[in-house]
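Please look over the sequence and the model before reading on.

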Amino acid sequence: MTEQSAATRPLRIAIVGAGPAGIYAADALMKSDAEVSIDLYERMPAPFGLIRYGVAPDHPRIKGIITALHKVLDKPQVRLLGNIDYGTDITLADMRRFYDAVIFSTGANADRALPVPGIDLDGSYGAADFVSWYDGHPDVPRDWPLEAEKVAVLGVGNVALDVARVLAKTGDELLPTEIPPNVYEGLKANRALEVHVFGRRGPAQAKFTPLELRELDHSPNIEVIVAPEDIDYDEGSEAARRHSKQVDMVCNTLEQWAIRDVGDRPHKLFLHFFESPHEIVGEDGRVVGLRTERTELDGTGNVKGTGVFNDWDVQSVYRAVGYLSQNIPQLPFDEQAGTVPNEAGRVLIDDAPAFTPAEQPDPEAVTAWLEGKGIPFTTWAGWYRLDAHERSLGEPQGRERVKVVEREDMLRASEPHKV
């Protein structure tokens, strides 16, 4: 196809990653002046990315975002091609044959490193792995060790809150959600009675959102405890409160919890501030404790160490210190930052001297090629079938749905290739 004839047809675009970012990118393209034909590629048999596999199951409000994403995927200009692994099933060179442009929105699904001694001990976990387990991700083990009675969570963001809340709730409390049977059985056997969340800085530097923080206190089984001595502010902290309503709301909530009497709910969830992880203590290769260094504010909202150390009796540690993007084949990658080098989201690679249109822009060309390779790709119609199947599993129990975990079961319900 020549460049001139390419101007007479819709621009063919591939988006790798059918999570919120990829779907919103498709929506933005359709709202632009360009006439577009978009294929959304997804490694999983089902779309929605972190909304399906990265959000705690007891957050239906956030999962309601799927309703908005549905409206985009229902558009005729968009086609879902699921269960296709970029870099294995299809390469960038392959895509350039069928598309005029390729957008990557593969997200961040690995845990950032935390360089403290003992991080590799048995009983030390990354939050991303735990989230994948309780969200029923097909590619992770079906069991999770939950023998610890006292647990530490490192980090003061919403992921840390999710991890702490799921660890502190009972299995029966989470049963009305979409959790699959293996997750329910695991959480039902969870022995955790104390969950300790640690932040290196103070309340004004916590990254919680006010609503998610307050939700911690809604459980009839969780007593949220904040020590009065952890409520402290400096000039930088007060400035942060003045400039952000959210920061001020978080601080107000924490202050209220710090001055109230401790109740009798059976599971205790402690929010600790000014405690910097120094070492995960081990014995015989397993976690037996956590050592933190007490910190203090330096006037700017940052902290400095005091040289005072505290030992905490915990038997497992979860780090929730941020997610890390993974290296995408055939794209440049900054290992230190964990990102693709970019400028305002545009990948920093040299453009070809003259843009070359797709050789085979017909939408049927790529699906015929995939079928020829024997790849059982799923479709948007397949998602509707899987969605109906999951809802039918939940209906007898009075639940909205029960998530299907096994990839083969997802494929069977989706009926690959069928539109």
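Does phenylalanine 130 count as buried or exposed? Phenylalanine 130 counts as buried, because its relative accessibility is 0%, and buried means under 20%. The model is a predicted one.

The protein as a whole has 16 helices and 17 strands. Its radius of gyration is 24 Å, close to the 22 Å that the globule rule gives for 419 residues, so the protein is as compact as a globular protein of that length. The C-alpha trace spans about 70 × 55 × 45 Å along the principal axes. Of the 419 residues, 51% count as buried. Carbon and sulfur atoms hold 52% of an accessible surface of about 19600 Å². Among contacts between residues at least 6 apart in sequence, 76% join residues at least 24 apart.

The count of aromatic pairs comes to 15. Two of these are set out below.

| Pair | Distance of centres | Angle of planes |
|---|---|---|
| Phenylalanine 130 and tyrosine 134 | 5.1 Å | 90° |
| Phenylalanine 198 and tryptophan 312 | 5.0 Å | 70° |

With planes at 90°, the pair of phenylalanine 130 and tyrosine 134 is edge-to-face. Both residues lie in helix 7 (residues 127-134), and being four residues apart they are separated by about one helical turn. Tyrosine 134 is buried, with a relative accessible area of 1%. Phenylalanine 130 and tyrosine 134 also belong to one aromatic cluster with Tyr125, Trp133, Trp144 and Tyr318.

The pair of phenylalanine 198 and tryptophan 312 is edge-to-face as well. Phenylalanine 198 lies in strand 8 (residues 194-198) and tryptophan 312 in strand 13 (residues 303-312), so this pair ties together parts that are 114 residues apart in sequence. Phenylalanine 198 is buried, at 2% relative accessible area.

Terms used. Residues numbered from 1 in each chain as written. Predicted model: local features only at pLDDT ≥ 70, side-chain atom pairs only at ≥ 80, totals over all residues. Heavy atoms only, no water. Helix = DSSP H or I, 4+ residues; strand = E, 2+ residues; numbered from the N terminus. Rg over C-alpha atoms; globule rule 2.2 N^0.38 Å. Buried < 20%, exposed > 50% of the residue type's maximum accessible area, 1.4 Å probe, protein only. Contact = heavy atoms within 4.5 Å. Areas by Shrake-Rupley, 256 points an atom, 1.4 Å probe, with all protein chains shown as cover. Phe/Tyr/Trp six-rings, centres within 6.5 Å; stacked < 30°, edge-to-face > 60°.
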